[in-house]
Amino acid sequence: MSVIVPGLRRPIIVWDLVLSILLTLLGLGIGALVSLSSIFLVMAADSCGANRECNLPQLTAGWLIAMIGPSVVMLLTLVLTVVSLVRRRITWWLPLTGIVVELLVWWGAVSLVFASVPGPN
């Protein structure tokens, strides 16, 4: 049986706080960069036309996921990081994981877009 004393809290770990903030800012920057670069993915549909048939629903889904997915991942990561920092837990790994997941989501969506457009015949 453990006793919780209300006045005692875990100490703030300064290196973890600084690293978490820097990684979160880096992740937000990367998320903004890949989301904005995803605007140009719609140009993959330029090759679709009379000679080529493209899977337009797949292209649209991939484009929307590439536009919105990284932002959603980083918003969720930001919330989890802030909650963990308030609870004074070790949090540096949360934004790092968020960066990896947002890049994987973006890469998967870009792959989905390019898979919807057939190659040259």
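Visitor: What span should the 24 residues of α1 have at 1.5 Å a residue, and how far apart are its end C-alpha atoms?
Guide: This is a predicted model, and the values here are computed from it. At 1.5 Å a residue, α1 with its 24 residues should span 34 Å. The distance between its end C-alpha atoms agrees with that: 35 Å.

Visitor: Which residues of α1 are buried, and which helices do they pack against?
Guide: Buried here means under 20% relative accessible area. In α1 the buried residues are Asp16, Ser20, Leu23, Thr24, Gly27, Gly31, Val34 and Ser35. The helices they pack against are α2 and α3.

Visitor: How is α1 oriented relative to α2, roughly parallel or roughly antiparallel?
Guide: Two packed helices are described by the angle between their axes and the distance between the axes. For α1 and α2 the angle is about 165° and the axes are 8 Å apart. Angles over 145 degrees count as roughly antiparallel, so α1 is, relative to α2, roughly antiparallel.

Visitor: Which residues of α2 does α1 meet, and what is the handedness of the crossing?
Guide: From α1 the contact involves Asp16, Leu17, Ser20, Thr24, Gly27, Leu28, Gly31, Val34 and Ser35. On the α2 side are Ala66, Met67, Pro70, Ser71, Met74, Leu78, Thr81 and Leu85. The crossing of α1 past α2 is left-handed.

Visitor: And how is α1 oriented relative to α3, roughly parallel or roughly antiparallel?
Guide: The axes of α1 and α3 are 8 Å apart, at an angle of about 10°. Since angles under 35 degrees count as roughly parallel, the relation of α1 to α3 is roughly parallel.

Visitor: Where is Ser38, and is it buried or exposed?
Guide: Ser38 sits in the loop between α1 and α2. Leaving aside neighbours within four places in sequence, Ser38 is in contact with Trp63, Ala66, Met67 and Trp106. Its relative accessible area is 0%, so Ser38 is buried.

Visitor: What length does α2 reach, and what is expected at 1.5 Å a residue?
Guide: Helix α2 covers residues 56-86, which is 31 residues. The expected length at 1.5 Å a residue is 45 Å. From first C-alpha to last, α2 reaches 45 Å.

Visitor: Where in α2 is the kink, and shortly before which proline?
Guide: The kink in α2 is about 35° and lies at Ile68.

Visitor: Which residues of α2 are buried, and what do they pack against?
Guide: The buried residues in α2 are Leu59, Gly62, Ala66, Gly69, Pro70, Val73, Met74, Thr77, Thr81 and Ser84. They pack against two helices, α1 (14-37) and α3 (93-115).

Visitor: Is Ser84 buried or exposed, and which residues does it touch?
Guide: Ser84 belongs to helix α2. Its relative accessible area is 16%, so Ser84 is buried. Not counting residues up to four places away in sequence, Ser84 touches Arg89, Thr91 and Leu94.

Visitor: What is the phi of Arg88?
Guide: Most residues other than glycine have a negative phi. Arg88 follows α2 and lies in the loop between α2 and α3. With a relative accessibility of 25%, Arg88 counts as partly exposed. Its phi is positive, near 60°.

Visitor: How far apart in space are Gly98 and Val73, C-alpha to C-alpha?
Guide: Gly98 is in helix α3 and is buried, with a relative accessible area of 3%. Leaving out residues up to four places away in sequence, Gly98 touches Val73, Met74 and Thr77. Gly98 and Val73 are 25 residues apart in sequence, and their C-alpha separation is 6.5 Å.

Visitor: What is the relative accessible area of Thr97, and how far is its C-alpha atom from that of Ser111?
Guide: Thr97 is found in helix α3. Its relative accessible area is 38%, so Thr97 is partly exposed. Thr97 and Ser111 are 14 residues apart along the chain, and their C-alpha atoms are separated by 21 Å.

How values were computed:
Residues are numbered from 1 along each chain as its sequence is written. This is a predicted model: local features need pLDDT of at least 70, side-chain atom pairs count only at pLDDT 80 or more; totals for chains, interfaces and linings use all residues. Side-chain values use heavy atoms; hydrogens and water are left out. Helices (H or I, at least four residues) and strands (E, at least two) are DSSP runs, numbered from the N terminus. The expected span of a helix is 1.5 Å times one less than its number of residues. The bend at a residue is the angle between axes fitted to the seven residues ending there and the seven starting there. Buried means under 20% relative accessible area, exposed over 50%, partly exposed in between (1.4 Å probe, protein chains only). Contact means heavy atoms within 4.5 Å. Axes are lines fitted to C-alpha atoms, for helices over the stretch in contact, and angles run from 0 to 180 degrees between N-to-C directions. Angles under 35 degrees count as roughly parallel, over 145 as roughly antiparallel, 65 to 115 as roughly perpendicular and the rest as oblique. A crossing is left-handed if the near helix is turned anticlockwise from the far one by less than a right angle, and right-handed if clockwise.
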